[in-house]
Amino acid sequence: MTGEFERRHGFPPGTNEVRPAGPDDRAAARTLAQVSLVPADLVTFYDSIGDVTWADVGNGYFLDPASDVLLRLQEYGAVGVGADQEAHGLVIGSNGGGLCYVVGPDGSVHRTRTASLDEPELDKVADDLRQFLELLERSLTRFVADGEPGSL
């Protein structure tokens, strides 16, 4: 498999995993639960999943650990989401190409149009975390089948 991957893409495979949550991840999830703009689904996710790293699917798909989400919130604050950007969300990951995924307080997931989080323009990509995770799964399945990661 390694030889096939490297032949097809021109570089050796990297880390690709869904890491189960450990004690530190669950503690960070409990701290995240105390933030008012965090949807319950995200806390539930982080109580079970430490992070997602699919470095070799297109540019990559990454869902950051809860501790990184908290650190980013402390250092940079929340990101305006929605048409009026009055609601605020959390950056939970990226597509490896510089675009970030932001979850709004209603659970919807958005993707930035550019790599900058200064006055970001966002596109809604999923109504909730479950739909977003299903889209990620479809991207992985498509990539395994034909080498195309989709447009998530």
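Helix axes are lines fitted to C-alpha atoms over the stretch in contact, and angles between them run from 0 to 180 degrees between N-to-C directions. The structure described here is a predicted model, in which local features need pLDDT of at least 70 and side-chain atom pairs count only at pLDDT 80 or more, while totals for chains, interfaces and linings use all residues. Residues are numbered from 1 along each chain as its sequence is written, and side-chain values use heavy atoms, with hydrogens and water left out.

The chain holds five helices and eight strands, where helices (H or I, at least four residues) and strands (E, at least two) are DSSP runs numbered from the N terminus. From the N terminus on, these elements follow the order α-β-α-α-β-β-α-β-β-β-β-β-α. The radius of gyration, taken over C-alpha atoms, is 16 Å, close to the 15 Å given for 152 residues by the globule rule, so the chain is as compact as a globular protein of that length; the rule itself is 2.2 Å times the number of residues to the power 0.38. Of the 152 residues, 43% count as buried, that is, under 20% relative accessible area, with exposed meaning over 50% and partly exposed lying in between (1.4 Å probe, protein chains only).

The axes of helix H2 (residues 23-33) and helix H3 (residues 40-48) come within 8 Å and cross at roughly 170°. H2 is therefore roughly antiparallel to H3, a description used for angles over 145 degrees, whereas those under 35 count as roughly parallel, 65 to 115 as roughly perpendicular and the rest as oblique. Contact, meaning heavy atoms within 4.5 Å, is made by Asp25, Arg26, Ala29, Leu32 and Ala33 of H2 and by Leu42, Val43, Tyr46 and Asp47 of H3.

Proline 65 is found in the loop between strand E3 (61-63) and helix H4 (66-76), and its relative accessibility of 15% makes it count as buried. Residues up to four places away in sequence being left out, proline 65 touches Arg19, Asp25, Tyr46, Gly50 and Asp51. Aspartate 41, in helix H3, counts by contrast as partly exposed, at 44% relative accessibility.

Histidine 110 lies in strand E7 (residues 109-112) and is buried, with a relative accessible area of 8%. Neighbours within four places in sequence set aside, the contacts of histidine 110 include Val81, Cys100, Tyr101 and Leu122.
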